[in-house]
Amino acid sequence: MTGSPATPSAAARVAEALGHREADRVPFFLPATMHGARLLGVPLPEYYGSAELMARGQLRLRERLGHDAVSCSICAAAEVEPFGGEVLLFEDGPPNAGEPPLRSAADIERLRPPDPGDFPALRRTLALASALRQRLGDEVPIMGGAVAPFSLPALQLGLGRWFEILEDAPGLAERLVRVNEVFCASLGNALLAAGAGAVGLGEPLASPSMVPAERYRELGLPALRRTIAAIRGPVAVSTASAPCAAVAADLAGAGAVAVGVSGADDLAEVKRRLRGRAAVIGNLDGIRMRRWSAAEAERAVQAALAAAGPGGGFVLSEHHGEVPFQVPQQVLEAVADAVRRWGNYPLTWARDAK
Amino acid sequence: MATIEQAREDPSLRLEQALLDADRPAAAAALAAARAREGAGAVERVLVPALERIGAGWEQGRLALSQVYMAGRICEDLAEAILPTAGTLRRSGEAIGIAVLEDHHLLGKRIVTATVRSAGWPIQDLGHGMSAQALAARVAGSGIRVLLVSTLMLRAALHVGELVRLLRAGNTPVRVLVGGAPFRIDRELWREVGADAMGASASDALPLLERFAGGSR
């Protein structure tokens, strides 16, 4: 997959897109971590227990699909371990967080930002970033992932308890978010140091479908801005499949170089709102993907390309940050084929259709 | 959306606004005023419609899940204070249970439980983080006839299929009603897994319970 003057490397293609320019084609990213295990014939719990297996799985998947970036994020649940939580492994789906580890105000008051490198699941994430960087060099962007400070309490406390604290104990909420800022920036910088080229922050609670935008802007957005400023590399922010249109400009204003757009959003409209400020990444729906035929995959890709491709500033991707294990490999291949068929600039067909 | 004048006049709109503001004293005052005017019908004619409008507002993208959650919790407390443990305000009908399948995240269950209890239905919390086998065993012989299953992840939603198979194989006479993000996104999924119905929001549970749990006040 080495680039040539005629065919830029994946890294160059993505850089052009993030710079709001048209490369040879629209770059695409399929965060299908679990499909790597299937290609290797390894059960998911064993796969998630080994950075080496995950690296091999990601590379095998890229050989099949030719996507323009790989992920070194294992799972959001890995981030509860430093706060006393447990990561649960399954044979048929991604790891999940166990019972929320923070149970009382005192738990929050005594909290200090942990060091991500001290905990097994995040150590594996860092090892995965290193292994991928070693094999891919600078040719392919490696995306690290972390949960943003305002959204991490959903795993630390449970979402209901977090909503109650936001409403009833704003001082406690701010204290937790401040601890999370330090942790999140520390994890982001550790990922970059290990080999990631950029960090994607998951911020589902920025979505107005989760928390009213005015409330998010009081506490979550300033925390996001400070966190991005403290991470020494490019940061993309995603609302993890929740609608983002109403806050997309806020996320870009906080310093995100790209914003992940949900399948529920009008992709063209979000791109218009962010024009020149941040690129858009999205917005294929992983749950719907499970039922797609090859023709439906092609139509979905075409629709996204037509909505956001012209002019650059677009990376086609699944919108949640993780393709479900139940999505057939053939669908991923149909998506990849469709990008190569329809995603070549200058996207004349899309401009003509308009 | 109601105007400020309408909200002042209509007790249900007053209550709705107080719930959206998470203003417990104002919500209590609005419900007390409604009870003074409507008597025993206040829950049915004031509280339940307010929760239903809030649920619909979330489904239509006008409101946030945090507002739905806080409204449900406040209403649950308010209703608990005015609904006698047994009596004419309580609904009777088939026994109802609720559980979270394969997950430790309880938000959906708590919102639905609060909504259902606020409307006067007794509902038994069967737990969370349960496998299909554990939940089927818990339901068998429990007398529960309507089971609400909350899911967060796609894999858990697909495990409802196994739950339904186990319940049917054990001849457990229970209706299975499902909810959660995977079912909202893929509107055919509830049929695929063999559920009897799905709710897109917590307030959808109320007409579904009317249909499947029956009974009366």
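Me: What is meant by the axes of two helices and the angle between them?

Reply: Axes are lines fitted to C-alpha atoms, for helices over the stretch in contact, and the angles are taken between N-to-C directions. The model discussed here is predicted. In it, the axes of helix H2 (residues 11-20) of chain B and helix H4 (residues 42-59) of chain B come within 8 Å and cross at roughly 50°.

Me: Which residues of H2(B) and H4(B) meet?

Reply: From H2(B) come Pro11(B), Ser12(B), Leu13(B), Leu15(B), Glu16(B), Leu19(B) and Leu20(B), and from H4(B) come Arg45(B), Val46(B), Leu47(B), Pro49(B), Ala50(B), Arg53(B) and Ile54(B). Of the residues in this contact, 10 are nonpolar, one is polar and three are charged.

Me: What makes H8(A) roughly perpendicular to H5(B)?

Reply: The axes of helix H8 (residues 159-168) of chain A and helix H5 (residues 65-82) of chain B come within 10 Å and cross at roughly 85°. The range for roughly perpendicular is 65 to 115 degrees, so H8(A) is roughly perpendicular to H5(B). Among the residues making the contact are Phe163(A) and Glu167(A) of H8(A) and Tyr69(B) and Arg73(B) of H5(B). The contact residues divide into four nonpolar, two polar and four charged.

Me: How do you know that Glu192(B) forms a salt bridge with Arg291(A)?

Reply: The closest N and O atoms of Glu192(B) and Arg291(A) are 2.7 Å apart. The rule asks for a distance within 4 Å, so the pair counts as a salt bridge. Between chain B and chain A the count is eight salt bridges.

Me: What makes Arg13(A) and Asp24(A) a salt bridge?

Reply: The N to O distance between their side chains is 2.8 Å, and the cut-off is 4 Å. Arg13(A) lies in helix H1 (residues 10-18) of chain A, and Asp24(A) in the loop between H1 and strand E1 (28-29) of chain A, 11 residues apart.

Me: What area do chain B and chain A bury between them?

Reply: They bury about 2400 Å², with 57% of it on carbon and sulfur atoms. His104(B), Arg155(B) and Ile185(B) supply 24% of the area that chain B buries against chain A, more than any other three residues.

Methods: Residues are numbered from 1 along each chain as its sequence is written. Chains are lettered from A and ligands numbered from 1 in the order in which they are written. This is a predicted model: local features need pLDDT of at least 70, side-chain atom pairs count only at pLDDT 80 or more; totals for chains, interfaces and linings use all residues. Side-chain values use heavy atoms; hydrogens and water are left out. Axes are lines fitted to C-alpha atoms, for helices over the stretch in contact, and angles run from 0 to 180 degrees between N-to-C directions. Helices (H or I, at least four residues) and strands (E, at least two) are DSSP runs, numbered from the N terminus. Contact means heavy atoms within 4.5 Å. Ala, Val, Leu, Ile, Met, Phe, Trp, Tyr, Cys and Pro count as nonpolar, Asp, Glu, Lys and Arg as charged, and the others, Gly among them, as polar. Buried area is the accessible area (1.4 Å probe) that two parts lose on being put together, summed over both. Angles under 35 degrees count as roughly parallel, over 145 as roughly antiparallel, 65 to 115 as roughly perpendicular and the rest as oblique.
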